[in-house]
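Please open the structure in a viewer and keep the sequence at hand.

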Amino acid sequence: MNENKPKIITVVGPTASGKSDIAVLIAKEINGEVISADSRQVYKGMDIGTGKVTEEEKGGVPHYLLDVEYPRNVFTVSDFKILAEKAIAQILTSEKTPIICGGTGLYVQAVIDDMSIPEVPPNKELRKELSKKTPEELFIILDKLDPRRSQNIDPKNPVRLIRAIEIAKALGVVPELKKDSNKFNILEIGLLPEMENLKERIKKRLLKRIDAGMFSEVEKLKKSGVSWKRLDELGLEYRYVAKYLQGELSKEEMIEKLNSEIVKYAKRQMTWFKKDKRIKWFKPEETEKILEQVTKFTK
């Protein structure tokens with residue numbers, strides 16, 4: 001480890017593993033500030049469905065990259081990298097430690113590994129052709145072109161699938177990450193609950209979000225001009241609640257299907273993160289061990 005490089009901590013893991021709480025705990029311990037690496041928490045008005053950290057949960061710790069885009073617009077990994085690097089520079093100037101926290105693996109690695117974001121312009125003809133295909137057909141196409149990218153993508157999100165296919169067709173595959181070529185010293189903390197425990201956490205959290213007004217949140221987004229199609233693209237909670245609100249699913253069916261899809265998504269996240277051998281894994285309740293690792297790193 002090069003002691004002259006600025007230090008950055010990441011807190012990663014599957015959805016519902018308690019990343020936000022651990023990131024705030026670490027920030028308070030080492031005078032750090034948190035950068036959210038969540039592809040949906042960047043959107044304004046998407047609070048309950050994404051589990052966005054509340055002011056109370058922040059505990060006075062500054063958070064970056066929350067509420068930076070309107071949900072009608074598309075926010076890319078390139079957008080994230082630009083804003084995250086600005087936030088890191090600002091935090092380091094304040095002589096504090098940046099803590100990148102989130103479950104969107106591509107966002108995290110784009111920053112810590114200084115990933116080259118491909119400059120591939122939109123291909124209108126290809127998009128027109130692909131728009132006629134189902135998400136299942138698009139996923140099969142992507143998986144053949146770039147199996148690595150297909151492991152960390154929402155297989156039912158046509159916008160992301162079409163863009164990934166567009167890049168893969170132009171470049172072959174998404175460029176490999178430039179491991180350890182960046183200018184930071186990185187400590188990667190991973191949270192890994194037991195699978196049965198994680199499933200229970202996911203189920204409880206989903207029911208809590210419904211009680212907290214997730215349906216009303218989706219209705220409000222629709223009234224603000226976010227189309228049903230766009231809601232479908234904004235991830236699992238918004239997709240399945242939108243289906244329920246349109247009468248395509250009963251409430252019970254929606255909860256059952258959504259819960260099952262979130263569990264599958266958590267497994268895909270783990271497949272992605274487990275490939276990074278630098279991550280030090282802990283159970284969410286092992287806070288003392290986590291803080292011990294962090295203290296040792298930041299000395």
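This is a predicted model: local features need pLDDT of at least 70, side-chain atom pairs count only at pLDDT 80 or more; totals for chains, interfaces and linings use all residues.

**First stop: the helix pair**

Select helix α1, residues 19-30, together with helix α14, residues 287-298. Two packed helices are described by the angle between their axes and the distance between the axes. Here the angle is about 45° and the axes lie 10 Å apart; α1 and α14 are therefore oblique to each other. The crossing of α1 past α14 is right-handed.

Next, display the side chains at this contact. From α1, select I22, L25, I26, E29 and I30; from α14, select T287, I290, L291, V294, T295 and T298. Of these contact residues, seven are nonpolar, three are polar and one is charged.

**Second stop: strand β4**

Move to strand β4, residues 97-101. Is this strand buried or exposed? Five of its five residues are buried, so β4 is largely enclosed by the rest of the structure. In a regular strand the side chains alternate between the two faces of the sheet. Colour T97, I99 and C101 for one side of β4, and P98 and I100 for the other; both faces are covered.

Select E33 to find its bridge partner in β4, P98.

Note on methods:
Residues are numbered from 1 along each chain as its sequence is written. Side-chain values use heavy atoms; hydrogens and water are left out. Axes are lines fitted to C-alpha atoms, for helices over the stretch in contact, and angles run from 0 to 180 degrees between N-to-C directions. Helices (H or I, at least four residues) and strands (E, at least two) are DSSP runs, numbered from the N terminus. Angles under 35 degrees count as roughly parallel, over 145 as roughly antiparallel, 65 to 115 as roughly perpendicular and the rest as oblique. A crossing is left-handed if the near helix is turned anticlockwise from the far one by less than a right angle, and right-handed if clockwise. Contact means heavy atoms within 4.5 Å. Ala, Val, Leu, Ile, Met, Phe, Trp, Tyr, Cys and Pro count as nonpolar, Asp, Glu, Lys and Arg as charged, and the others, Gly among them, as polar. Buried means under 20% relative accessible area, exposed over 50%, partly exposed in between (1.4 Å probe, protein chains only). Two strands pair if DSSP finds at least two bridges between them.
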